[in-house]
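Here is a quick walk through one protein model, written for someone meeting it for the first time. Have a look at the sequence and the structure, then read on.

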Amino acid sequence: MLFGEVWPDEGLSRRDRSLVTVAALVALYRGNELPFHLKTALDNGLSTEELKHAITHLAFYAGWPNAMTAMTQLKKIIEEGS
């Protein structure tokens, strides 16, 4: 249902869905799911810089430990892709 019906729904773009998903995972400290969705966000058109800004913004609302964990995971993904 999630990937078959919700993600393809045209009510939100895949890019916007990725941004919302990453925000929720950072806020809820879901480190196991976050790497997959950070990679998906990049594939869906979000830039590395946009993700960095979003995570920094989330630090003030979701907490610095959550944001630092997400930033560390994003950095690892970027380094692996280089």
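Where is Tyr29 found? Tyr29 sits in the loop between H2 and H3, where helices are DSSP runs of H or I with at least four residues, numbered from the N terminus. Before going further, a word on the ground rules: this is a predicted model, so local features need pLDDT of at least 70 and side-chain atom pairs count only at pLDDT 80 or more, while totals for chains, interfaces and linings use all residues. Residues are numbered from 1 along each chain as its sequence is written, and side-chain values use heavy atoms, with hydrogens and water left out.

Back to Tyr29. Its phi is near 55°, a positive value in a residue other than glycine. Most residues other than glycine have a negative phi. Tyr29 is also partly exposed, with a relative accessible area of 49%; buried means under 20%, exposed over 50%, and partly exposed in between, using a 1.4 Å probe and protein chains only.

**How the helices pack**

Axes here are lines fitted to C-alpha atoms, over the stretch in contact, and angles run from 0 to 180 degrees between N-to-C directions. Angles under 35 degrees count as roughly parallel, over 145 as roughly antiparallel, 65 to 115 as roughly perpendicular and the rest as oblique.

| Helix pair | Axis separation | Crossing angle |
|---|---|---|
| H3 and H5 | within 10 Å | roughly 60° |
| H3 and H4 | within 9 Å | roughly 130° |
| H4 and H5 | 7 Å | about 165° |

Take H3 (residues 34-43) and H5 (residues 64-81), whose axes cross at roughly 60°. That angle makes H3 oblique to H5. H3 passes H5 in a right-handed crossing, meaning that the near helix is turned clockwise from the far one by less than a right angle, with anticlockwise being left-handed. On the H3 side, the contact (heavy atoms within 4.5 Å) is made by Leu34, Pro35, Leu38, Lys39 and Leu42, and on the H5 side by Ala70, Gln73, Leu74, Ile77 and Glu80. Sorted by class, the residues of this contact are seven nonpolar, one polar and two charged. For that sorting, Ala, Val, Leu, Ile, Met, Phe, Trp, Tyr, Cys and Pro count as nonpolar, Asp, Glu, Lys and Arg as charged, and the others, Gly among them, as polar.

H3 and H4 cross at roughly 130°, which makes H3 oblique to H4. Their crossing is right-handed. H3 brings Leu38, Ala41 and Leu42 to the contact, and H4 brings Thr48, Leu51 and Ile55. That gives five nonpolar, one polar and no charged residues.

What about H4 and H5? With an angle of about 165° between them, H4 and H5 are roughly antiparallel to each other, and their crossing is right-handed. Among the residues making this contact are Leu51, Ile55 and Phe60 of H4 and Trp64, Met71 and Leu74 of H5. The contact of H4 with H5 divides into eleven nonpolar, three polar and one charged.

**The core**

Which residues have the most contacts inside the largest nonpolar core? They are Val22, Val26, Leu34, Leu38, Leu51 and Ile55, in a core of 15 residues. A nonpolar core is a set of buried Ala, Val, Leu, Ile, Met, Phe, Trp, Tyr and Cys residues joined through side-chain atoms within 4.5 Å. Helix H2 (14-27), H3, H4 and H5 each supply at least two residues of this core. Val22 touches Leu34, His37, Leu38, Ala41 and Leu51, leaving out residues up to four places away in sequence. In soluble globular proteins, nonpolar side chains tend to be buried together.

Leu58 is in helix H4 (residues 48-62). With a relative accessible area of 14%, Leu58 is buried. Leaving out residues up to four places away in sequence, Leu58 touches Ala23, Val26 and Gly63.

Arg15 belongs to helix H2 and counts as partly exposed, at 28% relative accessibility. Setting aside neighbours within four places in sequence, Arg15 is in contact with Asn44, Gly45, Leu46 and Glu50.

Finally, Gly81 lies in helix H5 and counts as exposed, at 66% relative accessibility. Gly81 and Leu12 are 69 residues apart in sequence, and their C-alpha atoms are 27 Å apart in space.
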